[in-house]
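Biologist: Before I rely on a model, I would like to learn how its features should be read, one at a time. Could you take me through them with the structure in view?

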Amino acid sequence: MTPEERSAPENGIWLCQTCSRLIDVDVPSYSTDLLREWKTLAEMRAYLGIRGFAIVVSRSFDKLEEKMPDLTAEMRKDIADLPFSRTCVAMSSKAAFNGDPDNPTLIYYTDKYEHLVSKLKVMENYGALVDVTTKSHTPKFELTEDFVEYLQQPR
């Protein structure tokens with residue numbers, strides 16, 4: 001590629017300093033075809049975005065369930081028992097929780113699930129939960145409707 005071709009706008013791709021450096025030092029991992037695909041996808045997202053279309057990228061709840069099957073199974077059972085509950089907390093089984101009796105809270109115990117709060121954060125990253133923790137410092141989350149619908153699907 002000539003210096004002119006290399007610096008041409010059609011050859012450009014916008015990247016942060018970190019990513020551009022990673023690509024520059026690891027050329028075999030980032031083929032020209034891959035970089036062109038990234039550029040095309042980014043341009044398509046921008047094109048649709050400026051025309052008012054929302055681009056939603058979601059992760060598979062099946063993959064999430066593979067990562068933490070026991071916790072997901074318990075959540076599935078809880079939603080079957082309390083289909084309109086959406087709030088959950090993470091706490092020790094030795095602690096007490098004073099919830100709203102008219103709006104039952106799902107409780108998951110840190111002494112039952114290793115790294116429970118971290119797992120709930122991963123669930124948040126997957127779009128399954130939203131962190132709504134307040135000043136109480138008890139980790140509190142809301143289950144998203146998409147995740148509840150996933151949990152309610154027959155197995």
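Predicted model: local features only at pLDDT ≥ 70, side-chain atom pairs only at ≥ 80, totals over all residues.

Biologist: How many salt bridges does a search of the whole structure find?

Modeller: The search returns six salt bridges, where the term stands for a side-chain nitrogen of Lys or Arg within 4 Å of a carboxyl oxygen of Asp or Glu. One of them joins the side chains of Arg76 and Glu65, with 2.7 Å from N to O, and this pair links distant parts of the chain, since Arg76 belongs to helix α5 (residues 69–81) and Glu65 to helix α4 (residues 61–67), 11 residues apart.

Biologist: Are Arg76 and Glu65 buried or exposed?

Modeller: The cut-off for buried is under 20% relative accessible area; Arg76 is buried because its value is 14%, and Glu65 is buried because its value is 15%.

Biologist: How far apart along helix α5 are Lys77 and Asp81?

Modeller: Lys77 and Asp81 are separated by about one helical turn because they lie four residues apart in helix α5, and their salt bridge has its closest N and O atoms 2.7 Å apart. Asp81 counts as partly exposed, with a relative accessible area of 49%.

Biologist: Which residue forms a salt bridge with Arg86?

Modeller: The partner of Arg86 is Glu145, the closest N and O atoms again being 2.7 Å apart. This pair, too, links distant parts of the chain, with Arg86 in the loop between α5 and β1 (87–91) and Glu145 in helix α7 (residues 145–152), 59 residues apart. Arg86 is buried at 16% relative accessible area, whereas Glu145 is partly exposed at 43%.

Biologist: How should I read the cysteines, and how many disulfides does the count give?

Modeller: A disulfide is a covalent bond between the sulfur atoms of two cysteines. With the rule that the two sulfur atoms must lie within 2.5 Å, the count here is zero disulfides. Cys16 is partly exposed, with 41% relative accessible area, while Cys88 is buried, with 0%.

Biologist: Which residues make the nonpolar surface patch?

Modeller: Tyr47, Leu48, Phe53 and Ile55 make a nonpolar patch of about 390 Å².

Biologist: What is the phi of His115, and where is the place of His115 in the chain?

Modeller: Most residues other than glycine have a negative phi. His115, although not a glycine, has a positive phi of about 60°, and its place is in the loop between β2 (106–109) and α6 (116–125). His115 counts as exposed because its relative accessibility is 56%, the cut-off for exposed being over 50%.

Definitions and conventions:
Residues numbered from 1 in each chain as written. Heavy atoms only, no water. Buried < 20%, exposed > 50% of the residue type's maximum accessible area, 1.4 Å probe, protein only. Patch = residues over 30% accessible without salt bridge, like charges linked within 9 Å, V, L, I, M, F, W, Y side chains within 5 Å. Areas by Shrake-Rupley, 256 points an atom, 1.4 Å probe, with all protein chains shown as cover. Helix = DSSP H or I, 4+ residues; strand = E, 2+ residues; numbered from the N terminus.
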